[in-house]
Amino acid sequence: MQPLFEAVSNAIFAIEDIQKIHPDYQGVVDIFVRGLTDPDMLNIEVVDNGIGLDSKRYEAFCQLDTDFKKERGGKGVGRLFWLDSFTDVRVESKYLQSEKLHDRAFAFLLNNDEQLREDDERLHLSRVRNTGTVVQFKGLRETNYRKQFPASAELFKRYFSAHFIADFLMAKGPKVRLDIDGEEARYPEAVSGLVVGPAFEANTDNHKEFGVLKITGFTCKPEASTGLDGMHQLHLLADGRNVEPRKIDKLLGIERVRREGNIDLVFHGCITGDYLNRHVNEGRTAFNLADSKVKELIRFCTEFIKEKFLTEQIAEYSEARREDYRGFVQRYPIYDFADEDTQLDRVPFGARSPEEFATGLVKYQIRRDETRQKDIEAVIKLLEEGQSVSQNFAEVVIKAAQEVQNSERLALAQHVVRRKLVLELLERLIRRIRERGEKEEDFHLESTLHSLIVPMRLNGSDPGKVEASVHDLWIVDERLAFTRSFASDQRLAETLKSGGTDIRPDLLVWNLAHGLGVVDPSDDGDEFDASEPLRKAMIVEFKRPGRTQYKKAEDLVELQITKYLRQLKNGEIEAYNRQRVRIAPDCIFYCYVVADIRGDLKEQLAGWSTTANGEGRIRALDNEFKGSTIEVIQWQDLVNDAWARNVATLHAAGLRRSVKPKA
């Protein structure tokens, strides 16, 4: 609708020109719209009782890129939009010349040789009683205009009202009558139907640069912002006319304004003041200010509005936002590196989600880490070079150490928060599986439990699946936290380079696990000495929580484990980077079975030794597997042990284990 708005603005300018001569002159702009639903039959007339197209103004109309409207910021090319959008454009005008009334009429054409053609019919001049101009548009030309131009009277009025809303709210400029197929709307009166409650009005304190600004605020129905960028708006006015709108959705924070029982309103504020009058361009279309300065003014006015006009609702929003932030740092403690108020001031007032909080704070986190890093490097350099140290050197070292400790605490808290969530999920999943009993249709729950600890059907040392090998094997043993060399629920025929059958240990761990294999803890983990055979390995078997029946021969735990061991002994495993690791004939296997010791399993393990806590069972193997052991661990003991290993870090992070679920 921009080409049409251009014509309406020209009509307003024409009335302003005559008001310069006759200040009390009552200007009116009439807009008649017919055939809105049919792009080919569309007919729009914009009629004003302004100064008319006298010789000077007609000459300017006939030229491109004229400076006639320079004082209004126009370049005389806006009317070219008309030719781009409408198939037929005609202009008729009455004007005073030498104190006599004259008229002219012409068609505005999109031709190479002829752009203006005299029109003798003068079909529309009857609409102009004294001086004034009629601009008629017929038919929409381009496909884009046909698609985007509003086809309903209601939508047309919404876009029209929103474009000129600041002028209408402030009751500036001439009266405007909009007639769409006989249905009339009068402005600024029609805008009053969008306004809820009386206007807010107040002057700001005297700003050191902006001086005193007057703010007139209106709470309006959402359609007042139709076609505008954003819902809540501040309109900057100069010399009584709207210059430009600025959205303040993020600065205001609240999605909608409440007032007089309405909960879905938007805010429109009109800003006036000497500062804006002094810095507007000649055409009152923009300000001669850097964009950063305009943004500063907008922020200043928005803070005033929040404090003076929307006090109660902003207070409620601020408290809710504060609670959102507390939940955010509880989940992501690494961002809790400054006090709450400081951090909230660093993010946009409209920030509520974790992503919005993190986006606003990450630059401060990086600056803080960079400063700490430089301080520590400076201390190290000073010590290495043997330079003399100042008397306050101890303070510098202590401060640097404290910064490291604070950083470690935050990183540790971030790490522990995730572990806490994993363990709580594990406990609840185990409880759910027990509650469901031994229903075959719930096998997916058992698979979910396995996958929570370690992904299934995966060889962790496969270079093509590094991302997929992320796991939580620390639940089983802290030494496995960073291992990559494991096979999870994978056939031994796939794990071993030769031999092996279709049996699948739930978990087999070999090298690259500190304390279990041949990797040197001081290495980077990519290279290791493969010349020596593997002398330690771990096998873990997960049994369904709550399971009580172990009737089949293959359900005998010792038999199942020794089947694995016979195939692994003297075999070769392809480790990370395609290196082969031999398994020594005397390799020691640490075998664990995680299960609920009840029913058939309890009877099966009756002759086994009990573990230190009396809850688990352990059996030392002999003969060909001498030195290896099988330990059966209760599911709850596995979880309790994982909690116990993390209790110190949980405490340091200000966290604690949730209420223990009932068995």
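E356 counts as partly exposed, at 27% relative accessibility (partly exposed lies between buried, under 20% relative accessible area, and exposed, over 50%, with a 1.4 Å probe and protein chains only). Let's see which partners this residue and others find. This is a predicted model, where local features need pLDDT of at least 70, side-chain atom pairs count only at pLDDT 80 or more, and totals for chains, interfaces and linings use all residues. Residues are numbered from 1 along each chain as its sequence is written, and side-chain values use heavy atoms, with hydrogens and water left out.

**Salt bridges**

- Side chains of opposite charge can pair when their charged atoms come close.
- Searching the whole structure turns up 40 salt bridges (a side-chain nitrogen of Lys or Arg within 4 Å of a carboxyl oxygen of Asp or Glu).
- One of them joins E356 to K250, with the closest N and O atoms 2.9 Å apart.
- K250 sits in helix α7 (residues 249-252) and E356 in helix α12 (residues 354-384), so this pair ties together parts that are 106 residues apart in sequence. Helices here are DSSP runs (H or I, at least four residues), numbered from the N terminus.
- K250 is partly exposed too, at 48% relative accessibility.

- Which residues are linked in a network of salt bridges? They are R322, E323, R326, E340 and D341.
- Within this group, R322 and D341 meet in a salt bridge of 2.9 Å, N to O. R322 belongs to helix α10 (residues 311-331) and D341 to helix α11 (residues 340-346), so the pair ties together parts 19 residues apart in sequence.
- R322 is partly exposed at 22% relative accessibility, and D341 is partly exposed with a relative accessible area of 43%.
- E340 and R326 form another salt bridge, where the closest N and O atoms are 2.9 Å apart. This pair links distant parts of the chain, with E340 in helix α11 and R326 in helix α10, 14 residues apart.
- E340 counts as partly exposed at 23% relative accessibility, as does R326 with a relative accessible area of 35%.

**Aromatic pairs**

- A pair of aromatic rings is described by the distance of the centres and the angle of the planes.
- The whole structure holds 28 aromatic pairs (rings of Phe, Tyr and Trp, the last by its six-membered ring, with centres within 6.5 Å; planes under 30 degrees apart count as stacked, over 60 as edge-to-face and the rest as tilted).
- Y317 and F349 make a tilted pair, 5.0 Å centre to centre with 50° between the planes. Y317 lies in helix α10 and F349 in the loop between α11 and α12, so the pair ties together parts 32 residues apart in sequence.
- Are Y317 and F349 buried or exposed? Both Y317 and F349 are buried.
- F328 and F357 form a tilted pair as well, at 5.4 Å centre to centre and 35° between the planes. It links distant parts of the chain, F328 in helix α10 and F357 in helix α12, 29 residues apart.
- F328 is buried with a relative accessible area of 1%, and F357 is buried with 0%.
- Ring pairs also link Y58, F61, W82, F86, F106, F108 and F137 into a cluster.

**Charges over rings**

- R367 lies over the face of Y364, 5.2 Å from the ring centre.

Definitions and conventions: Helices (H or I, at least four residues) and strands (E, at least two) are DSSP runs, numbered from the N terminus. A charge sits over a ring if NZ of Lys or CZ of Arg is within 6 Å of the ring centre and within 35 degrees of the ring normal.
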